[in-house]
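The exercises below are meant to be worked with the sequence and the model side by side.

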Amino acid sequence: MPFFDIHAHRGAPHSAGASVIYNVLPLHEKPTSVNTWISIGLHPWYLTEENLEPQMDVLADRISDTRVKLVGECGFDRLRGPAMPIQQAAFERQAVLAVRHNKPMIIHCVRAFDELQSYGKRYAAKVPMIVHGFNKSPALAGQLLRQGFYLSFGAAIMEETSNAAKTIRQIAPPFFLETDDSGVNIQAIYEQAAFLRKMALDDLKDIIFASWKKIQLT
């Protein structure tokens, strides 16, 4: 079974044969291969009041493409991005599209989990919402999981004292693994996750594959 990377950026190192979902920005990138799996959405870093509509137009046009496996990354960021009302409007509209087209969402969240959880109460039961690059406390992880969110872990687990490493030791499946823009090979992340969970690598691959199958809506 191949390694599955749920969130990656182009140029990241990957093991041969890995299954990867590459992130695409609506106004900056286009998929180059008919075989490429992608996520597409309005990232708060690249969102402005002026480009919200053009980005939504691109998303609405592409979302039915079979290569599009996830909506996002989208979400909330209090350190970088436009005013929160603009981020809220963009997220709400993307959530509505995701529900309509049965596409899970991949979520970016920085110092805004209160905002995210308020939308989770309305949408997490309707469409899978995956918080990518999770590196917060096990307590927050528990709150999110109880509300119906899913978690994805990246290179932060390579540091055994990180919140990500502490959390992935404790939570039950389903969950996901990713490279994001870290430059760390997805195989290395799997090997570290297997070490932290004290399990065989092939068993971890089975868990991740089952997690992916669980959130498929179409």
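This is a predicted model: local features need pLDDT of at least 70, side-chain atom pairs count only at pLDDT 80 or more; totals for chains, interfaces and linings use all residues.

**Exercise 1.** Is R78 buried, partly exposed or exposed, and what is its relative accessibility?

Residues are numbered from 1 along each chain as its sequence is written, and side-chain values use heavy atoms, with hydrogens and water left out.

Solution. Take the classes to be buried under 20% relative accessible area, exposed over 50% and partly exposed in between, with a 1.4 Å probe and protein chains only. R78 has a relative accessibility of 41% and therefore counts as partly exposed.

**Exercise 2.** Determine which residue pairs with R78 in a salt bridge, and which parts of the chain the pair ties together.

Solution. A salt bridge requires a side-chain nitrogen of Lys or Arg within 4 Å of a carboxyl oxygen of Asp or Glu. R78 meets this condition with D114, the closest N and O atoms being 3.0 Å apart. Since R78 lies in the loop between β4 (68-77) and α2 (84-101), and D114 in helix α3 (residues 113-123), the pair ties together parts that are 36 residues apart in sequence; here helices (H or I, at least four residues) and strands (E, at least two) are DSSP runs, numbered from the N terminus. D114 is partly exposed, at 48% relative accessible area.

**Exercise 3.** Describe how helix α6 and helix α7 are oriented and which residues join them.

Solution. Begin with the axes, which are lines fitted to C-alpha atoms, for helices over the stretch in contact, with angles from 0 to 180 degrees between N-to-C directions. The axes of α6 (residues 186-197) and α7 (residues 201-214) come within 9 Å and cross at roughly 105 degrees. This makes α6 roughly perpendicular to α7, a class that covers 65 to 115 degrees, whereas under 35 counts as roughly parallel, over 145 as roughly antiparallel and the rest as oblique. Next, list the contacts, defined by heavy atoms within 4.5 Å: Y190, E191, A193 and A194 in α6 meet L201, L204, K205 and I208 in α7.

**Exercise 4.** Locate Q147 and list the residues that it touches, not counting those up to four places away in sequence.

Solution. Q147 is placed in the loop between α4 (138-146) and β7 (150-153). With the stated exclusion, its contacts are Q117, G120, K121 and A124.
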